[in-house]
Amino acid sequence: MSIVIKTAEPHEWQSIQEIRRVVFQEEQKVDAALEFDGKDDTAEHLIAYWNAQPVGTARIRYLDTKTAKIERLAVLSTARGQGIGKQLMQKALERATAQKMQEAVIHAQEYVKALYQQLGFIQEGETFDEAGIPHVKMRRKFTSNECD
């Protein structure tokens, strides 16, 4: 089973929207206005293919010259359990270090924070509500080796 993770191109935007619609709006009941928040145009998008089918996505927004925010990590239910979410996050972290970022921040859904902890993220503060779902803020500082 082949998994390919890449920076999305404009023709892949429809697949990204569909993945996010299914995961966030259908499964998690997030309002479309919250999910499609007007920030996609300024973000870098990743797309995951499993057996040549688009099954996952994430976006990276560069908040300033040192901080990347990784958001909208979504994997279709039919492709979960294959490590695709973790690979999307690893690719996002690679992209952030390639852009000379010093740290990455995320608002992780609480039930998957262990995934982010495996990738070196540390929780900051208490659980909070975002779109009706419990989240935690997490941060990962990059080492100088990663940024070289």
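Modeller: This is a predicted model. The chain holds five helices and seven strands. Read from the N terminus, their order is β-α-α-β-β-β-α-β-α-β-β-α.

Biologist: What makes the chain as compact as a globular protein of that length?

Modeller: The globule rule gives 15 Å for 148 residues, and the radius of gyration of the chain is 15 Å, so the chain is as compact as a globular protein of that length. The C-alpha trace spans about 35 × 35 × 30 Å along its principal axes.

Biologist: How many of the residues are called buried, and on what cut-off?

Modeller: Buried means under 20% relative accessible area. Of the 148 residues in the chain, 43% are buried.

Biologist: Why is the set of residues around I106 called a nonpolar core?

Modeller: A nonpolar core needs buried residues of listed types, Ile, Leu, Met, Tyr and Phe among them, joined through side-chain atoms within 4.5 Å, so I106 counts as a member of such a set. The largest core has 28 residues, and I84, L88, M89, I106, Y116 and F121 touch the most other members. Elements that each supply at least two residues of this core include β2 (44-50), β4 (67-75) and β7 (133-141). The largest share, six residues, comes from α3.

Biologist: Which residues does I106 touch, leaving out those up to four places away in sequence?

Modeller: I106 touches I70, M89, Y116, F121, V136, K137 and M138. There is also a second, separate core of eight residues, including I19, V23, L76 and I133.

Key: Residues numbered from 1 in each chain as written. Predicted model: local features only at pLDDT ≥ 70, side-chain atom pairs only at ≥ 80, totals over all residues. Heavy atoms only, no water. Helix = DSSP H or I, 4+ residues; strand = E, 2+ residues; numbered from the N terminus. Rg over C-alpha atoms; globule rule 2.2 N^0.38 Å. Buried < 20%, exposed > 50% of the residue type's maximum accessible area, 1.4 Å probe, protein only. Contact = heavy atoms within 4.5 Å.
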